[in-house]
Amino acid sequence: MRAPVILCYHAISSSWQTTLAVSLERFAAQLERFVDRGYVGLTFAEAERRRVAGTLPPRTLVVTFDDAYASTAAAAPVLRQLGYPATVFVVGDFVGDDKLLHWPGIDEWAGTAHREELRPLSVDALRSLQGDGWEIGSHTMSHPSLPDLASDECLRELSESRATISDYFGGCATIAYPYGHVDQRVAALAAQAGYAAGCYVAYSHAIDEPFRRPRVAASGTDGRMREWTKMAPLPILMRRSPLAPLLGRL
Ligand SMILES: [Zn+2]
């Protein structure tokens with residue numbers, strides 16, 4: 001069964017030293033290697049649609065960005081040049097609002113010199129990316145860890161964000177679960193909320209279902225070896241093997 005390689009990025013920055021940010025140079029170099037290996041680029045929704053239809057190209061790359069940092073837009077010219085679209089997952093509460101992004105995990109940057117890195121993409125910037133062929137997906141309303149929520153609250157996070165994003169951008173077909181956290185119950189609620197697919201982040205890609213599509217997390221703090229374990233063909237195959245859950249624990 002063909003499966004796309006789905007990369008998960010966050011911000012684009014060379015000065016913000018965090019796992020969340022990758023420099024534009026490194027981002028371009030990582031994607032150029034996929035171009036050299038003959039990968040075709042699709043949005044997450046389109047890759048899912050073609051997977052279901054049985055028409056997914058043998059080598060498909062899906063580039064995704066979580067959180068919708070304003071710096072994400074810096075990736076657009078590189079992607080345009082390489083002929084790749086992307087999917088950006090936005091947090092509903094911050095769409096059309098110029099407040100800085102905030103939730104546990106990024107709040108520590110709010111009082112620092114890097115606070116402007118927490119600026120979200122504006123609606124105009126998101127529409128411009130959409131004009132470039134990007135998909136706008138959901139990353140919930142408030143960026144909670146969904147498995148920790150009661151089912152009604154979880155469904156509200158999933159449904160309201162889908163409605164909000166649809167109002168602004170004319171549709172919202174897919175979701176990326178905050179922190180990459182999802183379980184069977186959350187996956188079923190995402191289906192109930194009307195999405196076509198959802199994605200998470202994990203070392204092992206043994207679970208690969210429409211509402212639990214695995215992604216590889218790119219990180220600005222990875223050394224060359226760790227980057228290789230995420231982007232090279234052999235390690236990507238290993239993640240999909242039945243031994244992957246065991247390898248992940250190592
Ligand atoms: Zn996130």
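Contacts between residues 24 or more positions apart make up 64% of those with a separation of 6 or more in the protein. The model from which this value derives is predicted. Its secondary structure comprises nine helices and 10 strands. The radius of gyration is 17 Å, close to the 18 Å that the globule rule gives for 250 residues, and the protein is therefore as compact as a globular protein of that length. The C-alpha trace spans about 40 × 40 × 35 Å along its principal axes, and 42% of the 250 residues count as buried.

The largest nonpolar core contains 66 residues, and Val-88, Val-90 and Ala-190 have the most contacts inside it. Strand S1 gives the most to this core, contributing five residues. When neighbours within four places in sequence are left aside, the contacts of Val-88 are Phe-65, Ala-68, Thr-72, Leu-129, Trp-134 and Ile-136.

Strand S9, formed by residues 197-201, is largely enclosed by the rest of the structure, because four of its five residues are buried. Parallel pairing links S9 to two other strands. Strand S8 (residues 174-176) is joined to S9 by three bridges, the two strands running parallel; within this pairing, Ala-176 has Cys-199 of S9 as its bridge partner. S9 also pairs in the parallel sense with strand S10 (residues 213-217), again over three bridges, and here the bridge partner of Val-201 is Arg-215 of S10.

Helix H2 (residues 44-53) has as its buried residues Phe-44, Ala-45, Glu-46, Ala-47 and Glu-48. These buried residues pack against six strands, namely S1 (5-9), S5 (60-66), S6 (87-90), S7 (135-138), S8 and S9. After H2 comes Gly-54, which has a positive phi near 75°.

Technical notes: Residues numbered from 1 in each chain as written. Predicted model: local features only at pLDDT ≥ 70, side-chain atom pairs only at ≥ 80, totals over all residues. Buried ≥ 20, exposed ≤ 12 C-beta atoms within 10 Å, placed from the backbone. Pairing = 2+ DSSP bridges. Contact = placed C-beta atoms within 7 Å. Rg over C-alpha atoms; globule rule 2.2 N^0.38 Å. Core = buried A, V, L, I, M, F, W, Y, C linked by C-beta atoms within 7 Å.
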